[in-house]
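I opened the model to look up a few places in it. My notes follow in the order in which I checked them.

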Amino acid sequence: MSWDWAFAFQILPKLVEGLKFTVLASLLGSVLSMLIGLAIGIGRRWAGPTVASVLGYAVEFIRGTPLLVQLYFAFYILPDIGIYLSPLTAGLLALGIHYSSYTSEVFRAGIDNVDRGQWEAAKALNLSHFQTWRYVIVPEAVPPMVPALGNYVVSMFKETPLLSLVTIVEVMAQARIIANINYRYLEPITMVGVFFLVVSVPSAMALHFLERRYALGNRQSSHIAVF
Amino acid sequence: MLAPSQLVSYILPGVILTIELTVLGNLLAAGIAFTVGFARLSKSTWLRLSARIFTEFFRGTSMYVQLFWAYFVLPLFGLALTPFQAAVLVLGLNSGAYASEIVRGAMLALPREQLEACIALNLSRWQRLRRVLLPQALLLMIPPFSNSFVELLKSTSIVSLISLSDMTFRAQTMRTQTGNTAIPFLTILILYFALALFISKVMRALERRLTPKAA
Amino acid sequence: MPSPMVQFNNVHKLYGAHAVLTDLSLSVSPGEKLALIGASGSGKTTILRILMTLETIQGGSIFVGGQPLWSPETAGLSPRRREMHLHKMRTNIGMVFQQFNLFPHMNVLRNVTLAPILTQGVKEADARALAMELLEMVGMAHKAHALPAELSGGQKQRAAIARALALKPKVMLFDEVTSALDPELVEEVLNVMRKLALETDMTMLLVTHEMSFARDFADRVLFLDGGRIVEEGPPGEIFRNPQQERTKLFLRKIVAAGLSL
C-alpha cells in the first residue's frame, strides 16, 4: 500500500474542519479544568475539614477512573436524571472535571511550595492578608505552575479524540468517517497523527523550556555519567 | 430489574481482559522505560538521539491515534496484529515513553556526591550502578511509577475501539441490551477505582519494603 | 631523603577559561601530614579532588607512590584503558568529604564493608571484623547497624573516616571534614584524626579552616592563593611569622573573624 498524495490533499479540508473542533474543545476544556481545579484547590485549603476531605476523596476518585467512562456517564446518565446537555457541553464538562483533578493538585502544590518563611516575612512587614497574596504569594507561586498546567493542556489535547465516542465530530472522527467511506486508512489516520505531533512536540518543547526556567525547587545535579 | 447474576455475566469477562491488558501493558512499559531512560543518559549521542525521538513521537501523537494506526494501518505494511497484541503494544509503548522520563529523572536526581563517594571507594562502573545509584533511584521511582501504572489502567478503556471487549465495552453492551444505564457504568467506575487503589496500595507496600530500615 | 609519596609537577587545571591551578608543583613525603590553607577559590580543595581522580588536569603530571597518576602518557589512553589505570591508582588513595557522602540506603557497617568486599575481594567475615575494629577506633562501634539518617553530623563523619580507612590507602585526603558540622561536634572528629595521625604512618593531606588544628596536626602548612602556592613551611613559622603579605592578610582576617590561631 503506498501513500496517495492526491487523496491526502483531497481530504485535508475535511480534516482541518475536524481539527477546529479539537482545538476548540481543548481550549474550552482547559479553561474549565483550571477554574474547577482552582476552586477545588482553594476549597481543600480553606473550607472546613469535612469539605476538604470530601473534596480529597472526590479528586482521588475522578483521577482513578477513565475519562472515557466519565464521558459516557455524562452523556448517557445525566439525561436519565433529567439533565439534558448537548453532546459538546457534556463532553466539555467531563473533560473539565476530569482534568480539574490534576490541575487542583498543581494549584495546591504551587501554593504549598511557597516557603513558610515568606508568609512570616510578610507578617513581620505588617502586610495585610490581601497584600500578602497580591505581592508575595501569587507572584512566587504562579510562574512554576505554568509549565505543569501547560502539560495537562497538551495531555487533554491528545485525549480529545475520545469525544468522537459521544458523537462529536472532531478530527479523529472525521478521519474515521473518511476512512470508512473510501476504504483507505493509511492517509487519514497518519495525517491525524502528524497533526497531533505538529502541535504537541513544539508545545512540549516550549513547556520544557519554561520548566527549566521556573524549576519547582528541584535541584538536579549536572549530568551523572553512569555509563 | 437487573439480576446480580446478569451484571456479573456481562461485566466479569471484561474485568479479566482489563486486568490482563493492564498487567502486560505495564510490564512492557516498565521494560521500555528502563531501556529508553538509560539510553537517554548514555554517552553515545546516537543512542541519546534515538531515545529522544522515540519518546517525543509516542508522547506527541495521541494514544487513540496510535491504536488505530497499529490496528488498521500496520496490516497494510504486512504486519497484522491481533487486537489484543495491538492494544498491549500501544499501551506499553505509549506509557513506556512517558515513564522513561521517570527513570531518567530519578537517576539525575541523585546527588552528584554519591557518585564521587563511589569513585573514592574505587567501585567499578557496574558496582556504582548496581550497589549505590540504582537502589537509591528505584526508591525515588516508585511513587511516579505507581501513577504511571494507574494511568495505563485508565487508558485500557479505549481498546473497545479496536473491538476488544474490556470492562468499558461490556458496560456499553449491557446498556444497549438491557436499557439500564446507571448500573453498568457505576459498577465499572467503582471497579476501575478499586483496581487503581489496589495498584497504589501494592506500590506503597513495595516502597515500604525497599526503604532501608535500621536493624 | 625518601622518594615522595605525592608529587605534582607544573600542574595546570582549568574550569573553562578560568585557571584554578597554575603551574603548581609540590611534593609530599611518605607519612607526612600536610595542611592546605587559603581562601575559598584558592584551589586547595581542587588539589585533593584531582588526587582522588574526581577532576582531570590540563597540563603537567602527578605521581603517587612513584607511579604516574596523570601524565602525558595516561592522557593518551583510550577511555577504557584510562579507567583501568585510574582504578588501579585509586587503591592507594582514600578521601573523606565535607558532606560525608555516606550511602543513605546502607547501615554504617555495610558502608564500611562494601568497598573492601567489592574492590579487594576481602571475605565478608574478614571485612566485618576489620570494619568493627575501625568503627571501634572512631568510637562508632555501637552505631554499626544504624542508618546514616539516624546519626549526628559528627557521627556521620567518623563513620565516613572508617569507611575510607577500610581500603587501607597509603594517602588519605581530608576535604574540610569539619566545615559542615555544628561547632560542638567538631572536636569529636578532630580527636579521631589526631589519633589517626599518631597511630598510623599514612600520608595525609588536609584542607581545613581550623587553623589551630592545622597548627597542631600538620608537619607542614601550604598557603594557596589564586591557584598558586604563596608560602609554605612548618606550622609554627607560617602562623607566627608569615613572610608574604598575602599570607599575613589572610591570617589577619581569620583572627578578625574571631577564630584562634
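Entry 1: I began with β6 (residues 93-96) of chain C, which pairs with β7(C) in the parallel sense over four bridges. This is a predicted model, so I read everything below as such. I then looked at strand β8 (residues 203-207) of chain C. It runs parallel to β7(C), and five bridges join the two. Here Val171(C) is opposite Thr203(C) of β8(C).

Next I checked the connection. β7(C), α7(C) and β8(C) form a β-α-β unit, and I recorded its hand as right-handed.

How many residues of β7(C) are buried? I counted five of five. I also sorted the side chains by direction. Val171(C), Leu173(C) and Asp175(C) point one way, while Met172(C) and Phe174(C) point the other way. All of them are buried.

Entry 2: I moved on to Ser179(C), which lies in the loop between β7 (171-175) and α7 of chain C. Is Ser179(C) buried, partly exposed or exposed? Its relative accessibility is 33%, so I put it down as partly exposed. The cut-offs I used are under 20% for buried and over 50% for exposed.

I looked up its surroundings. The side chain of Ser179(C) makes a polar contact of 3.0 Å with that of Glu176(C). Beyond its neighbours within four places in sequence, Ser179(C) is in contact with Gln98(C) and His209(C). I also took the C-alpha to C-alpha distance from Ser179(C) to Phe97(C): 9.9 Å, for a sequence separation of 82 residues.

**Entry 3: helix α5(C).** I checked its length. The helix covers residues 124-137, which is 14 residues, and spans 20 Å from first C-alpha to last. That is close to the 20 Å expected at 1.5 Å a residue.

Which residues of α5(C) are buried? I listed Ala127(C), Leu130(C), Ala131(C), Leu134(C), Leu135(C) and Met137(C). They cover an arc of only 150° around the axis, so they sit on the same side of α5(C). An α-helix has 3.6 residues a turn, so residues three or four places apart point the same way.

I asked what this buried side packs against. The partners are α4 (108-120), α6 (153-165) and α7 (183-199) of chain C. On the face turned away from it I found the exposed residues Ala125(C), Glu133(C) and Glu136(C). Gly139(C) follows the helix, and its phi is positive, near 75°.

**Entry 4: a glutamate in chain C.** I looked up Glu55(C), in the loop between α1 (44-51) and β4 (59-64) of chain C. At 11% relative accessibility, I logged Glu55(C) as buried. Its side chain makes a polar contact of 2.8 Å with that of Arg49(C). A second one, of 3.4 Å, joins it to the side chain of Lys13(C).

**Entry 5: between chains.** I compared the two pairs of chains that touch, and A with B has the most contacts. Chains A and C do not touch, and I noted 11 Å between their nearest C-alpha atoms.

Last I picked Glu56(B), in helix α2 (residues 45-60) of chain B. Glu56(B) has a relative accessible area of 13%, so I logged it as buried. Across to chain A, Glu56(B) touches Leu197(A) and Val201(A).

Definitions and conventions: Residues numbered from 1 in each chain as written. Chains lettered and ligands numbered in written order. Predicted model: local features only at pLDDT ≥ 70, side-chain atom pairs only at ≥ 80, totals over all residues. Heavy atoms only, no water. Buried < 20%, exposed > 50% of the residue type's maximum accessible area, 1.4 Å probe, protein only. Contact = heavy atoms within 4.5 Å. Expected span 1.5 Å × (residues − 1). Arc of directions from axis to C-beta. Polar contact = N/O pair within 3.5 Å; in protein donor to acceptor, adjacent residues only side chain to side chain. Pairing = 2+ DSSP bridges. Right-handed = clockwise from strand over helix to strand, strands pointing away.
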